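Thanks for coming, everyone. Let me put the structure up, and then I'll walk you through it piece by piece.

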Amino acid sequence: MSYYQHHLFFCLNKRDNGEACCADHDAQAAFDHCKARVKAEGLTGPGGVRINKAGCLDRCAGGPVAVVYPEAVWYTYVDKHDIDEIVESHLKRGQIVERLLLPPNVGR
Ligand code: FES
């Protein structure tokens, strides 16, 4: 069994050269919201959920992106409602949110 049941990484990378980056989509706000939500739901800690910042995950064209391990499920999101759905469905019930899945061929 893994230390965390679910480990979610948010790309927060910011580029100043005009290229696409997740920071342009307010990824920080989504990350902050997710952390607060998971804590409020009592999901944190060993055997539970961990939310971490990440640098570029090299899938910028689909940004903002986040990935859940150990399942390696990649998401894109628009707003806090999408984050809430990922928490409620995937992190609490183990059900992937199909509508938010990042298409498999999306790269940088
Ligand atoms: S900047 Fe977020 S995946 Fe590259």
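**A walk through the fold**

Keep both residues in mind, as they will come back. One caution first: this is a predicted model.

Now the overview. What does the secondary structure of the protein chain come to? Two helices and four strands. Along the sequence, the pattern reads β-α-β-β-β-α. The radius of gyration is 13 Å, close to the 13 Å that the globule rule gives for 108 residues, so the chain is as compact as a globular protein of that length. Its C-alpha atoms fill a box of roughly 40 × 25 × 25 Å along the principal axes. Buried residues make up 24% of the 108 residues. And take contacts between residues at least 6 apart in sequence: 63% of them join residues at least 24 apart.

On to the sheet. In which order do the four strands lie? The order is β2-β1-β3-β4, in an open sheet with mixed pairing. β2, residues 49-54, and β4, residues 73-76, stand at the edges. Each has a single partner strand, so one side of each is left without a neighbour in the sheet. Neighbouring strands here are turned by 20 degrees against each other on average, ignoring direction.

Let's go pair by pair. β1 and β2 run parallel, with six bridges between them. Within that pair, Cys11 has Ala54 of β2 as its bridge partner. How does the chain get from β1 to β2? It crosses through helix α1, residues 27-40, and this β-α-β crossover is right-handed.

Next, β1 with β3. Strand β1 covers residues 6-11, strand β3 covers residues 65-69, and they pair in the antiparallel sense over four bridges. Here His7 has Tyr69 of β3 as its bridge partner.

Then β3 with β4. These two are antiparallel as well, joined by four bridges. Ala66 turns up again: in β4 it stands opposite Tyr75. The hairpin of β3 and β4 has three residues between the strands.

Now the inside. Which residues touch the most other members of the largest nonpolar core? Phe10, Ala30, Cys34 and Ala66, out of 20 residues in that core. So much for the names; where does the core come from? β1, α1, β2, β3 and α2, which is residues 80-93, each supply at least two residues. The largest share is five residues, and it comes from α1.

Look at Phe10 in particular. Leaving out residues up to four places away in sequence, Phe10 touches Ala27, Ala30, Phe31, Lys53, Ala54 and Ala66.

Last stop: the loops. Two are cis peptide bonds. One joins Gly63 and Pro64, with omega about 5 degrees. Where is Pro64? In the loop between β2 and β3. The other cis bond joins Tyr69 and Pro70, with omega about 10 degrees. Pro70 lies in the loop between β3 and β4. Recall that Tyr69 is the bridge partner of His7.

The other two details are positive phi values. Asp26 has phi near 60 degrees, and it is not a glycine. You'll find Asp26 in the loop between β1 and α1. Is Asp26 buried, exposed or partly exposed? It has 15 C-beta neighbours inside 10 Å, so it counts as partly exposed.

Ala72 also has a positive phi, about 60 degrees, although it is not a glycine. Ala72 lies in the loop between β3 and β4. Why does Ala72 count as exposed? Because it has 7 C-beta neighbours inside 10 Å, and the cut-off for exposed is 12 or fewer.

To recap: we have an open sheet of four strands in the order β2-β1-β3-β4. A right-handed crossover through α1 takes the chain from β1 to β2. Phe10 and Ala66 are among the residues that touch the most other members of the core. That's my tour; over to you.

Key
Residues numbered from 1 in each chain as written. Predicted model: local features only at pLDDT ≥ 70, side-chain atom pairs only at ≥ 80, totals over all residues. Pairing = 2+ DSSP bridges. Axes fitted to C-alpha atoms, helices over the stretch in contact; angles between N-to-C directions. Right-handed = clockwise from strand over helix to strand, strands pointing away. Rg over C-alpha atoms; globule rule 2.2 N^0.38 Å. Contact = placed C-beta atoms within 7 Å. Core = buried A, V, L, I, M, F, W, Y, C linked by C-beta atoms within 7 Å.
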